[in-house]
Amino acid sequence: MKKSRSFTGPALIWKRIVAFLIDIFILALFVFLPFRGVFAGSMREASFMESLKNIASNGEFIKEFIPYYIAMSLLTFLYFFILESKMQQTIGKKIMNLYIVSDNNQIKKWQAFVRNLMFIPVFPFDWLMIIDPVFMFFKSSNQRLSEILSKTRVVERYSISKKIVFEQ
């Protein structure tokens, strides 16, 4: 007969990265892809660098682009905020069997908000897109900066199976 015990521990970094890539793929399909028509005209038949130069030099395009950029950022923020505050995991985390836990029991709305500030496209929060994930490589608990500030962690459930032998 097998008896199993489980415990939670810090999620492995590679699992967190895969979960995030799954979430970005989902966002690409349902958020970014519908906006592709806005950018198609500026990037037609040009290299990536030429397209960036055209966009940067065209003030009218930038003015038109800002509302779409804000909408995409808001939808991205809401995806992470709603799923993490309601279910303690995004779709990517669910697939990778990862969970968000609070140091104070249940995840509160402010904690989910702080965890996802990096998706708000306003200075200084936009810097968190770079600083936040890099921070976890320097913490033994694999926590991002926003997770430390929000008093949350991403954990994984580990199971230990123990074979019990009944002697007669």
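This briefing walks through the fold, confidence, core, salt bridges, surface and backbone of the chain shown above. The model is predicted, so local features need pLDDT of at least 70 and side-chain atom pairs count only at pLDDT 80 or more, while totals for chains, interfaces and linings use all residues. Residues are numbered from 1 along each chain as its sequence is written, and side-chain values use heavy atoms, with hydrogens and water left out.

**Fold and confidence**

- The chain has 8 helices and 3 strands, where helices (H or I, at least four residues) and strands (E, at least two) are DSSP runs numbered from the N terminus.
- Read from the N terminus, the order of elements is β-α-α-α-α-α-β-α-α-α-β.
- The mean pLDDT (the predictor's confidence in each residue, from 0 to 100) is 81 for the chain, and 80% of the residues score at least 70.
- Helix α3 (residues 48-57) has the lowest confidence, with a mean of 66, whereas α5 has the highest, at 95.
- A friendly caution applies here: where pLDDT is low, the predicted coordinates should not be read in detail.
- Of the contacts (heavy atoms within 4.5 Å) between residues at least 6 apart in sequence, 70% join residues at least 24 apart.

**Burial and the nonpolar core**

- Of the chain's 168 residues, 34% count as buried; buried means under 20% relative accessible area, exposed over 50%, and partly exposed in between (1.4 Å probe, protein chains only).
- The largest nonpolar core has 23 residues, and those touching the most other members are Leu27, Tyr79, Phe80, Leu98, Phe119 and Val154.
- Such a core is a set of buried Ala, Val, Leu, Ile, Met, Phe, Trp, Tyr and Cys residues joined through side-chain atoms within 4.5 Å.
- Elements giving two or more residues to this core are α1, α4, β2 and α6 (109-115), and α4 supplies the largest share, 6 residues.
- Beyond its neighbours within four places in sequence, Phe80 is in contact with Phe20, Asp23, Leu27, Thr90, Asn116 and Phe119.

**Salt bridges**

- There are 8 salt bridges, each a side-chain nitrogen of Lys or Arg within 4 Å of a carboxyl oxygen of Asp or Glu.
- Glu84 and Arg115 pair in a salt bridge at 3.0 Å, N to O.
- Since Glu84 is in helix α4 and Arg115 in helix α6, this pair ties together parts that are 31 residues apart in sequence; both residues are buried.
- Arg144 also bridges to Asp132, with the closest N and O atoms 2.7 Å apart.
- Arg144 sits in the loop between α7 and α8 (145-150) and Asp132 in helix α7, so this pair joins parts that are 12 residues apart in sequence.
- Arg144 is buried at a relative accessible area of 9%, and Asp132 is buried at 0%.
- A salt bridge of 3.7 Å (N to O) links Glu147 to Arg144, and Glu147 is buried too, with a relative accessible area of 0%.
- A network of salt bridges links Arg16, Glu84, Lys93, Arg115, Asp132, Arg144 and Glu147.
- Not counting residues up to four places away in sequence, Arg16 touches Ala11, Leu98, Met136, Asn142, Gln143, Arg144, Glu147 and Val154.

**Surface**

- The chain exposes about 11,200 Å², with carbon and sulfur atoms supplying 66% of it; accessible areas come from the Shrake-Rupley method with a 1.4 Å probe, and for residues only the protein chains shown count as cover.
- A nonpolar surface patch of about 1,100 Å² is made by Ile17, Leu21, Phe123, Trp127, Met129, Ile130, Ile131, Val134, Phe137 and Phe138.
- Elements giving two or more residues to this patch are α1 and α7 (128-135), and the largest share, 4 residues, comes from α7.
- Patches are made of residues with over 30% relative accessible area and no salt bridge: like charges are joined within 9 Å, nonpolar side chains (Val, Leu, Ile, Met, Phe, Trp, Tyr) within 5 Å.

**Backbone**

- Most residues other than glycine have a negative phi.
- Gln88 has a positive phi of about 65° although it is not a glycine; Gln88 is in the loop between α4 (59-87) and α5 (91-95) and is buried at 17% relative accessibility.
- Asn97, also not a glycine, has a positive phi near 60°; Asn97 is in the loop between α5 and β2 (98-102) and is partly exposed at 33%.
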